[in-house]
Amino acid sequence: MSHDAWLKRWEEKNIGRHEEDGNPLLKRNYELLGLKEDDTVFIPLCGKSKDIHLFLLKGQKVVGCELSHLAITALFEEIGVEPSITKVDDFKVYRAIDI
């Protein structure tokens, strides 16, 4: 999928790939990852994935990468956190505790 197509899907709210309660396979197999509290998890094209919530609840730090600012804004709204936003070169970096 092209960058423009991805951005358009977010603009049209046609993302369709988010599972309401997160990925059931991840929930079922989370322990197999062997993660400890304070481990850092990288989630590419994270969108507003509920899986981020799971990692945060388990004590991990999350680093996500996302093309759409609409997705990032939606994520922070859903978890009820106001991010700090800084500009690094041509990118915006959204930060909050453990994210």
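## Working through the fold

Among contacts in the protein chain (heavy atoms within 4.5 Å) between residues at least 6 apart in sequence, 45% join residues at least 24 apart. This is a predicted model, where local features need pLDDT of at least 70, side-chain atom pairs count only at pLDDT 80 or more, and totals for chains, interfaces and linings use all residues. Residues are numbered from 1 along each chain as its sequence is written, and side-chain values use heavy atoms, with hydrogens and water left out.

**Exercise 1. Work out the order of the elements in the protein chain, and then how compact the chain is.**

Step 1: Count the elements. There are four helices and four strands; these are DSSP runs numbered from the N terminus, with helices (H or I) of at least four residues and strands (E) of at least two.

Step 2: Check the radius of gyration, taken over C-alpha atoms, against the globule rule of 2.2 Å times the number of residues to the power 0.38. The chain comes out at 14 Å, close to the 13 Å the rule gives for 99 residues, so it is as compact as a globular protein of that length.

Step 3: Along its principal axes, the C-alpha trace spans about 35 × 30 × 25 Å.

**Exercise 2. Find out how E1 pairs with E2, and how E3 pairs with E4.**

Step 1: Recall the rule: two strands pair if DSSP finds at least two bridges between them.

Step 2: Take E1 (residues 40-44) and E2 (residues 61-65). They pair in the parallel sense over five bridges, and Val 41 has Val 62 as its bridge partner in E2.

Step 3: Together with E1 and E2, H3 makes a right-handed β-α-β unit; right-handed here means that, with the strands pointing away from the viewer, the path from the first strand over the helix to the second runs clockwise.

Step 4: Move on to E3 (residues 84-88) and E4. This pair is antiparallel, again with five bridges, and Val 88 stands opposite Phe 91 in E4. The hairpin has two residues between the strands, and Asp 89 takes a positive phi near 55° there.

**Exercise 3. Find the buried residues of H4 and what covers them.**

Step 1: Pick out the buried residues: Ala 71, Ile 72, Ala 74, Leu 75 and Phe 76.

Step 2: See what lies over them. The cover includes helix H1 (3-11), H3 and E4.

Step 3: Follow the chain out of the helix. Just after H4, Gly 80 takes a positive phi of about 70°.

Terms used:
Buried < 20%, exposed > 50% of the residue type's maximum accessible area, 1.4 Å probe, protein only.
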